[in-house]
Amino acid sequence: MISANDLSPAELAALLHFHADAGVEWLLEEEAIDRFAEFEAMKAARRPAAQAQQRPAAGERPAPGQSPARPNAAARPGPAERAASGPQPAIPDGEAVQQARFVAETARSLVELKTAIETFNGCNLKHSARSTIFASGDTESGIMVIGSAPSAEDDREGLPFSGKSGQLFDKMLAAIGLTRSTILLTQVIPWRPPGNRAPSAAEMDICRPFIERQIALAEPKAILLLGNFSARFFFGENDTIHGLRGRWKEIAAADCVIPAIASLHPQDLLTAPVNKRLAWNDLLAFQAKLKSLSLLRN
């Protein structure tokens, strides 16, 4: 057991960041709970049921019409007991995908879509996330930047590209004459996967109508995709970001077909700074496209 009193401020901050990245949301309950007493109460509640299910003693026979008890029968809760244990998280399936499509298609503006996503409960990811990350910035700019999935910092702040990767992202934008306020910034997945794991295929299917509807409503003229997941999601390829970056392709959303280019995520550049030269080339290509479309002043 490590005491906080034995840690330096830097060590304590590192420990807290570790817990946050691992998916720990709260370190303390709102009210003190005696777990030992709770455990003893659970054992006491189970004991009569376990005794009632024991086999008859030698020489005894079950009462007429009564079947012999099976071992461990009391260990398997019935449907009523499982339902009483609390609400279960949503299970991704075809019905959830259909519901997501309906919710997305009925939204007539980004404001309506934001409200619809915030009230949507058909994706497991929402039950473990703190925030719903939605598009922010200039909806009329014609410029869209799409990241992969919220990080731990994004989930805490409620904004895409927060923390150190967000600071680097701001510098990347400034290098080509852009700011967050002059683009529309969003993520493929609106909720942080626990432990920053990759979203499952079912979770991607459920979230796809939401990001495609964001694109359709914003009608961007050019899109910058950041990260391996984002590039694979839209390009439909399994190559790494190094094989997908730097090439213009077209992606479709509803009736819109938009040119898009992929590049490395800021977090990738923090991990491997040597790749910054590759990202810089991609940014220059994106800048040139914006100028050709009259979306960026020369």
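Colleague: In this predicted model, what makes strand β1 (residues 136-137) and β3 count as paired?

Modeller: Strands β1 and β3 are joined by two bridges in the antiparallel sense, and since pairing asks for at least two bridges, they count as paired. Glycine 137 stands opposite leucine 184 of β3.

Colleague: How many bridges join strand β2 (residues 143-147) to β3, and in which sense do the two run?

Modeller: Four bridges join β2 to β3, and these strands run parallel; in that pairing, methionine 144 has leucine 184 of β3 as its bridge partner.

Colleague: Why is strand β3 (residues 184-187) described as covered on both faces?

Modeller: Leu184 and Thr186 lie on one side, Leu185 and Gln187 on the other, and all four are buried, buried being under 20% relative accessible area.

Colleague: Why are helix α4 and helix α9 called roughly parallel?

Modeller: The helices α4 (residues 94-106) and α9 (residues 201-218) pack at an angle of about 10°, with their axes 8 Å apart; angles under 35 degrees count as roughly parallel, and α4 and α9 are therefore described in that way.

Colleague: Which residues meet where α4 packs against α9?

Modeller: Among them are Ala96, Val97 and Arg101 in α4, and Ile206, Phe210 and Arg213 in α9. By class, the contact of α4 with α9 has eight nonpolar, no polar and four charged residues.

Terms used:
Residues numbered from 1 in each chain as written. Predicted model: local features only at pLDDT ≥ 70, side-chain atom pairs only at ≥ 80, totals over all residues. Heavy atoms only, no water. Axes fitted to C-alpha atoms, helices over the stretch in contact; angles between N-to-C directions. Parallel < 35°, antiparallel > 145°, perpendicular 65-115°, else oblique. Contact = heavy atoms within 4.5 Å. Nonpolar A, V, L, I, M, F, W, Y, C, P; charged D, E, K, R; others polar. Buried < 20%, exposed > 50% of the residue type's maximum accessible area, 1.4 Å probe, protein only.
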